[in-house]
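I opened a new notebook page today.

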Amino acid sequence: MKNYLSTKLLLILIISIILRVISLVFYGDNVVDNEWGVMLKNLEQNNILSVRSVDGVPVPNIFMPPLYPLFLYSIKIFINDTTLFLNITKIVQLIISIVSIVIFYKILIKFFAEKLVLIGTIIYAFFPLNVYSASQISSATLQMFLINIFLLSYIDFFKKIHVKNILFFSFSASLLILLRGEFFIFVLLSLIYFLIYNKKEILKIICTSFLILLLISPYLYRNYKIFGVVTITKSFGYNLLKGN
């Protein structure tokens, strides 16, 4: 069964790569536009996370989470050429998207028979928006990748809490919070549910919560220092319209 599934998975991955390359060539973004472009420009030129300016001076941002702009910036600092930067970014996202399929497959195989595993993997791998998003300058591909890691690590978390599971769960949860500020609610509910399920592991749950808090603390401190509030995002009025 494992050999059968591995062969089928390999075929799915090959077709997935071909579809994503086609999407990249014909529909890939040629510019970093909207808020991503503004934030990337301000990171490059002013070393500040900012999406707006007042009298021509960039002001710190609090309504858009920082992870995807930092992801773009981490690539841009090594590549000055705009066209090459865009191509490398889309290739990196393509790779992330393919790895995400493998992780999703590993999630399904823990619960379902081989036919359902293959059907589910095919639907996920070939879902048009999933294929298309890898060619766009958008956080969608990174978000799906991290969500899959989060779900797989959470499932393993239930089976056995050890250092590896704690690290993977905490790391993915922290990055997702920095990618989508409201995700902290989902993380909190996940930990509460696990605590209800297994009260004997309360110390490990506390350690996991502390590690997540530690990983996001630099950005929390940044927002507290600048805005006087401990939060990842703060969206009201214009900020709510543009950020969410």
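I began with residue classes: Ala, Val, Leu, Ile, Met, Phe, Trp, Tyr, Cys and Pro count as nonpolar, Asp, Glu, Lys and Arg as charged, and the others, Gly among them, as polar. By these classes, the lining of the largest pocket has 16 nonpolar, 6 polar and 1 charged residues.

I noted the ground rules next. This is a predicted model, where local features need pLDDT of at least 70 and side-chain atom pairs pLDDT 80 or more, while totals for chains, interfaces and linings use all residues. Residues are numbered from 1 along each chain, and side-chain values use heavy atoms, without hydrogens and water.

**Pocket.** A pocket is an open set of points on a 1 Å grid where a 1.4 Å probe fits, with protein on both sides within 12 Å along at least five of seven lines; lining residues have an atom within 4 Å of a point. I looked up the volume of the largest pocket: about 460 Å³. That volume is the space filled by probe spheres set on the points. Of its 23 lining residues, I177, F184, I185, L188 and I216 lie nearest the centre. Helices α9 (183-197) and α10 (202-227) each give two or more residues to the lining. Helices here are DSSP runs (H or I, at least four residues).

**Helix packing.** Axes are lines fitted to C-alpha atoms over the stretch in contact, and angles run from 0 to 180 degrees between N-to-C directions. I found that α7 (residues 140-159) and α8 (residues 163-179) cross at roughly 145°, with axes coming within 8 Å. The residues of this contact (heavy atoms within 4.5 Å) divide into 14 nonpolar, 4 polar and 1 charged. I then checked α8 against α10: the angle is about 35°, and the axes are 9 Å apart. This contact has 12 nonpolar, 3 polar and no charged residues.

**Rings.** I found 11 aromatic pairs in the whole structure. Rings of Phe, Tyr and Trp (its six-membered ring) pair if their centres lie within 6.5 Å; planes under 30 degrees apart count as stacked, over 60 as edge-to-face and the rest as tilted. F104 and Y124 are stacked, 4.3 Å centre to centre and 15° between the planes. F104 lies in α4 and Y124 in α5, so the pair ties together parts 20 residues apart in sequence.
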